[in-house]
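Colleague: Before the terms are used, I would like to hear what stands behind each of them. Please take them one at a time.

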Amino acid sequence: MLATLVQLRQGVTQDVLACWFGVSRSTITRAVGGVRPLLAERGCTVEGGIRLRTLADVVAYLGATGQVGLLDATEVRVRRPAAGRAGRQRFVSGKARANTVKALVITDSAGRLLFCGQTRPGAIHDLTQVHQAGLVELLALIPGVTLLVDAGYQGLSTQTAGAVLTPRPARRKNQIPLFPAVAAAHEAERRAHASQRIHVEHGISHLKNWRALSRHLGRREHLDTILPAVAGLVSSQERASRPDQLHRTPNALPAGTAA
């Protein structure tokens, strides 16, 4: 367990872990390979100790609690497939301009992780990833769910009967100008949407603080377990009560200051 946590957090190689723990590299490989899937199966922790393990669990949780979810995709850089191998271009991301694996991330309105998974090669569009994950069908089965997304998911609001909220598109230069009051209202709406959705970026940044996800140098298929394992650990950390907060005493006011 400790070797797996060190590898995920610090991104060290298995050779280094073998030296630290005084065992062979094959022992570390077997230990990490056995513990990492168990961590991935834990899921993300929410109130009441409930764990969300699948996308269907997250949609059902948001529908039951009435909370607003924030959805986005994150990309993890991976090694380029060998020359001559089939599907080599599937991992080339047009956005990151690198070889990546894309994962779907959902947080609550405060940016706390609810889900991370449904990995796809980096060349897959965000909309395609959502459709392949079956999110549209899940939102049709479970009413009362609201998800905020960015402009990359334009058109998804119509497909989900308004369950997914996309920002108002920015006006192009060749469009007919609007009255100043209307234009100001549209811009205020866009800013309000962005200010709410920015919290999912904070949740993704907490994931990327783990060195195993800043750049993955191992096998790409291992990300199917690494991403949910790290997400489960981060969510448990976010929900845990800190000792300094439980026993914190209020600071004394300076002398002569009115209470």
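Modeller: Strand β3 (residues 68-77) is joined by three bridges to strand β7 (residues 146-148), and the two run parallel. This is a predicted model, in which local features need pLDDT of at least 70, side-chain atom pairs count only at pLDDT 80 or more, and totals for chains, interfaces and linings use all residues. Residues are numbered from 1 along each chain as its sequence is written, and side-chain values use heavy atoms, with hydrogens and water left out.

Colleague: What makes β3 and β7 a pair of strands?

Modeller: Strands are DSSP runs of E with at least two residues, helices are runs of H or I with at least four, and both are numbered from the N terminus. Two strands pair if DSSP finds at least two bridges between them. β3 and β7 have three bridges, so they pair. Gly69 stands opposite Leu147 in β7.

Colleague: Which way does strand β5 (residues 98-107) run against β3, parallel or antiparallel?

Modeller: Antiparallel, with eight bridges between β5 and β3. One of the bridge partners in β5 is Lys102, which faces Glu75.

Colleague: Why is Asp126 called buried?

Modeller: Buried means under 20% relative accessible area, exposed over 50%, and partly exposed in between (1.4 Å probe, protein chains only). Asp126 has 16%, therefore it is buried. Asp126 lies in helix α5 (residues 126-133). In β3, eight of the 10 residues are buried.

Colleague: Which residues does Asp126 contact, leaving aside its neighbours within four places in sequence?

Modeller: They are Ala73, Lys102 and Tyr153, where contact means heavy atoms within 4.5 Å.

Colleague: How do you know which residues line the second largest pocket?

Modeller: On a 1 Å grid over the protein atoms alone, a pocket is an open set of points where a 1.4 Å probe fits, with protein on both sides within 12 Å along at least five of seven lines; lining residues have an atom within 4 Å of a point. The second largest pocket has about 310 Å³ of space; a volume is the space filled by probe spheres set on the points, which are joined across faces, edges and corners. Of its 21 lining residues, the closest to the centre are Glu75, Ser93, Lys95, Lys102 and Asp126.

Colleague: Which element gives the most to that lining?

Modeller: β3, with five residues.
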